[in-house]
Amino acid sequence: MKKSSIKNNCIAALAMLALWQVLSLAYPPLVVPPIPAVGKILARILSAPDLLHEAAKTLGRLGAGLFFGVASGCLVGYVCGLCKTCRELCKPVLGVLQVVPPVALLVLAIIWFGFNGKPAVLIVAVAIFPIIAISVQDAVLHVDRKLLEMGTVFKYTKKQRFFLITWPSVKPQFYSGLRIALGTASKTVVMGEVLTTSSGIGGQIVNARLNIEPEAIIAWTVVSVCMYYVLEAAVALLFVPKEQKYAQRKQS
């Protein structure tokens, strides 16, 4: 990461903390908890194995939802990119899934699975499915036809065509869609937990609400945000080319 980028990120973080501090002085703690109070709760979360276990439950549900949503989205998107008929059949379905409120799906999932955390996994998968499917579909549609013709000339097998031509062409757009899906999933899984279970980060937020502890609500929200950034960094390690990483380090 460039030094200028790190500097800008630090400035933005300090500005947010400064604004938070000003608001905490202007409003009572029940409205805007002071930073030290939130920091104290964060320290307690990080030092208590049982509380970290709650965060791990959320991570597990998030991972399950991402797996099903990304896997199904990749499959449908790839097929739609290759087949015009499939693309036309799936277009209205993807459109509907993009606009259906997650809460509506969550209520149905509660009826199907009960209050056990499984509805959170379902709405994560459904929420990110159209994002991944559309990203992969558009990427496949824009694969350079000349490269495909070259593969035919050199008598590439289907496996070679996919890994040497299709995947490198699809990878950048898929990565962009995956980053968007990761942010959507991180928000959706906590919302699902708040409404369907007493465990995980969402369950802890509910407990904090019942105990009227706004500082705990913010602390658990910070944990959720940090979880997202860790996952985003892990995804970047898989998708950002080594040459690009080296160039960024050299420039910094």
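## A buried tyrosine in a predicted model

Tyrosine 175 counts as buried at 16% relative accessibility, where buried means under 20% relative accessible area, exposed over 50% and partly exposed in between, with a 1.4 Å probe and protein chains only. This is a predicted model, in which local features need pLDDT of at least 70 and side-chain atom pairs count only at pLDDT 80 or more, while totals for chains, interfaces and linings use all residues. Residues are numbered from 1 along each chain as its sequence is written, and side-chain values use heavy atoms, with hydrogens and water left out.

## Aromatic pairs

The structure holds eight aromatic pairs, a pair being rings of Phe, Tyr and Trp (its six-membered ring) whose centres lie within 6.5 Å, with planes under 30 degrees apart counted as stacked, over 60 as edge-to-face and the rest as tilted. One of them joins phenylalanine 67 and phenylalanine 68, and this pair is edge-to-face because the ring centres are 5.4 Å apart and the planes stand at 75 degrees. Phenylalanine 67 is exposed, with a relative accessible area of 54%.

Tyrosine 175 and phenylalanine 239 form a stacked pair, at 5.6 Å centre to centre and with 15 degrees between the planes. Tyrosine 175 lies in helix α8 (residues 158-196) and phenylalanine 239 in helix α10 (residues 214-239), so the pair ties together parts that are 64 residues apart in sequence; helices here are DSSP runs (H or I, at least four residues), and strands are runs of E of at least two, both numbered from the N terminus. Phenylalanine 239 counts as buried, at 13% relative accessibility. Ring pairs also link Trp167, Phe174, Tyr175 and Phe239 into a cluster.

## A nonpolar surface patch

Val103, Val107, Leu108, Ile111, Trp112, Phe113, Val194 and Leu195 form a nonpolar patch on the surface, with about 740 Å² of accessible area together. Such a patch is made of residues with over 30% relative accessible area and no salt bridge, nonpolar side chains (Val, Leu, Ile, Met, Phe, Trp, Tyr) being joined within 5 Å and like charges within 9 Å; a salt bridge is a side-chain nitrogen of Lys or Arg within 4 Å of a carboxyl oxygen of Asp or Glu.

The elements that give two or more residues to this patch are α5 (102-113) and α8, and the largest share, six residues, comes from α5. Leucine 195, found in helix α8, counts as partly exposed at 41% relative accessibility.

## Annotated segments

The unreviewed UniProt entry annotates "transmembrane region" over several segments, including residues 93-115 and 162-182. Over residues 162-182 the chain is 100% helix and 0% strand, with the end C-alpha atoms 25 Å apart.

Key. Areas by Shrake-Rupley, 256 points an atom, 1.4 Å probe, with all protein chains shown as cover. UniProt positions renumbered as here; feature names shortened; annotations may be inferred.
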